[in-house]
Amino acid sequence: MAKGKDVRITVILECTCCVRNGVNKVSTGISRYITEKNRHNTPNRLELRKFCPFCYKHTIHGEIKK
């Protein structure tokens, strides 16, 4: 069975605030979430507002490449 033909794919969401600011000096790490999206309904990159434990607030998490 071909892997490239699946409609629902797994994507990784990464905090855009942590990446831009280089993460706090106190905590090391970048907030990441794993979710799924429908390739046909959302062909663009996915952006969701999620809680970042390193920033201690809700920030925009954008889709990254695997």
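User: Before I go on, what should I know about the model and the numbering?
Analyst: This is a predicted model, where local features need pLDDT of at least 70 and side-chain atom pairs count only at pLDDT 80 or more, while totals for chains, interfaces and linings use all residues. Residues are numbered from 1 along each chain as its sequence is written, and side-chain values use heavy atoms, with hydrogens and water left out.

User: Thanks! Is Lys 37 buried or exposed?
Analyst: Lys 37 is buried, because its relative accessible area is 7%. Buried means under 20% relative accessible area, exposed means over 50%, and partly exposed is in between, using a 1.4 Å probe and protein chains only.

User: What does Lys 37 touch?
Analyst: Leaving out residues up to four places away in sequence, Lys 37 touches Val 7, Arg 8, Ile 9, Val 11, Thr 42, Pro 43, Asn 44, Arg 45, Leu 46 and Glu 63. A contact means heavy atoms within 4.5 Å.

User: And which backbone oxygen lies 3.3 Å from a polar atom of the Lys 37 side chain?
Analyst: That is the backbone oxygen of Thr 42. A polar contact is a pair of N or O atoms within 3.5 Å; within protein, one must be able to donate a hydrogen and the other to accept it, and residues adjacent in sequence count only if both atoms are side-chain atoms.

User: How many salt bridges does the structure hold?
Analyst: It holds three. One of them joins Arg 8 and Glu 36, with the closest N and O atoms 3.5 Å apart. That pair also links distant parts of the chain, from Arg 8 in strand β1 to Glu 36 in strand β2, 28 residues apart. Arg 8 counts as partly exposed because its relative accessibility is 47%, and Glu 36 is partly exposed with a relative accessible area of 47%.

User: Which residue does Glu 14 meet in a salt bridge?
Analyst: Glu 14 meets Arg 32, at 2.5 Å from N to O. Here Glu 14 sits in strand β1 and Arg 32 in strand β2, 18 residues apart. Glu 14 counts as buried at 12% relative accessibility, whereas Arg 32 counts as exposed at 52%.

User: Let's switch to the sheet. In what order do the strands come?
Analyst: Four strands form an open sheet in the order β2-β1-β4-β3, with antiparallel pairing. The edge strands are β2 (32-38) and β3 (47-52), each pairing on one side only. Two strands pair if DSSP finds at least two bridges between them.

User: How many bridges join β1 to β2?
Analyst: Seven bridges join strand β1 (residues 8-15) to β2.

User: Why does Ile 12 count as partly exposed?
Analyst: Ile 12 counts as partly exposed because its relative accessibility is 22%. Ile 12 is found in strand β1.

User: Last one: what is the secondary structure of the chain overall?
Analyst: It comes to one helix and four strands, running β-α-β-β-β from the N terminus on. Buried residues make up 26% of the 66 residues in the chain.

Key: Helices (H or I, at least four residues) and strands (E, at least two) are DSSP runs, numbered from the N terminus. A salt bridge is a side-chain nitrogen of Lys or Arg within 4 Å of a carboxyl oxygen of Asp or Glu.
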